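These are my notebook entries on a single chain, written while I had the sequence and the model open side by side.

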Amino acid sequence: MPSQAQTELTVRLKDVKEIIEAHVAITGAGRGRPAQKQGAAITRAGIVLLSAATEAYVEDLYEEGARLLFVGMSDDDLKRLFRNTSKRLNNADVQKTELLFFNLGIPWVLQGISWRNFTNATLRSDLDHLIVARNQIAHGRGQQINLWKLRRWKNMVEMLAPKLDDKVALHIRTVTGQRPNW
């Protein structure tokens, strides 16, 4: 069973999938240069939405984990913790994500996460490139991203979520003696 954060991510990624499908409907998704022509705005919108979904997932997982680790903490103290940590994430690049999870006692949370044909170095690089692309797009710097890259990054986020869920759940079990039901 996935965390609530991963469940919400799955819902958010349906919007990214819809953007990809809209791009295909408009351009036919054939080879060529649609990143510079028809469909470019749709692809850029997909990147911004994917980055936002990734950031929300990281924040939600952090907060879900904190509630399980800091069970004695009052709601007001949790709100203050979140206001000063997860609510200030502002883009889930590698460094910010890892610093955020330090607060839960999980140093370098992304380290060691990989899967077939996707090394940890590739994960770290692609995650940072997604955030850089989002920032350039959101701030009007004309980043050109093709449909293939959007699909690759969406797949990366889909593969990352269960692995990050598992890493956080294992840490919670180590600290509390009980693994979350996700």
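How many aromatic pairs does a search of the whole structure find? I searched and found 4 aromatic pairs, a pair being rings of Phe, Tyr or Trp (its six-membered ring) with centres within 6.5 Å, called stacked with planes under 30 degrees apart, edge-to-face over 60 and tilted for the rest.

Before going on, I note that this is a predicted model, in which local features need pLDDT of at least 70 and side-chain atom pairs count only at pLDDT 80 or more, while totals for chains, interfaces and linings use all residues. Residues are numbered from 1 along each chain as its sequence is written, and side-chain values use heavy atoms, with hydrogens and water left out.

**Ring pairs**

I then turned to tryptophan 115 and phenylalanine 118, a stacked pair with 4.8 Å from centre to centre and 5° between the planes. Tryptophan 115 counts as buried at 13% relative accessibility, and phenylalanine 118 does so at 8%.

**Aspartate 126**

Phe118 came up again when I listed the neighbours of aspartate 126, which touches Phe118, Arg152, Trp153 and Met156 once residues up to four places away in sequence are set aside; contact means heavy atoms within 4.5 Å. Aspartate 126 sits in helix H5 (residues 120–138) and is buried, with 9% relative accessibility. Its side chain makes a polar contact of 2.6 Å with the side chain of arginine 152, the term standing for a pair of N or O atoms within 3.5 Å, of which, within protein, one must be able to donate a hydrogen and the other to accept it, and residues adjacent in sequence count only if both atoms are side-chain atoms.

**H1 against H6**

How far apart are the axes of helix H1 and helix H6 where they pack? I read 11 Å between the axes and an angle of about 170° for H1 (residues 4–27) and H6 (residues 147–176), with axes being lines fitted to C-alpha atoms over the stretch in contact and angles running from 0 to 180 degrees between N-to-C directions. H1 is therefore roughly antiparallel to H6, a label given to angles over 145 degrees. The contact includes Leu9, Leu13 and Ile20 in H1, and Leu150, Val157 and Ala161 in H6.

**Two asparagines**

Asparagine 90 has a positive phi of about 45° although it is not a glycine, and it lies in the loop between helix H3 (75–84) and H4. Asparagine 91, also in the loop between H3 and H4, has a positive phi of about 100° and is not a glycine either.

Technical notes. Helix = DSSP H or I, 4+ residues; strand = E, 2+ residues; numbered from the N terminus. Buried < 20%, exposed > 50% of the residue type's maximum accessible area, 1.4 Å probe, protein only. Parallel < 35°, antiparallel > 145°, perpendicular 65-115°, else oblique.
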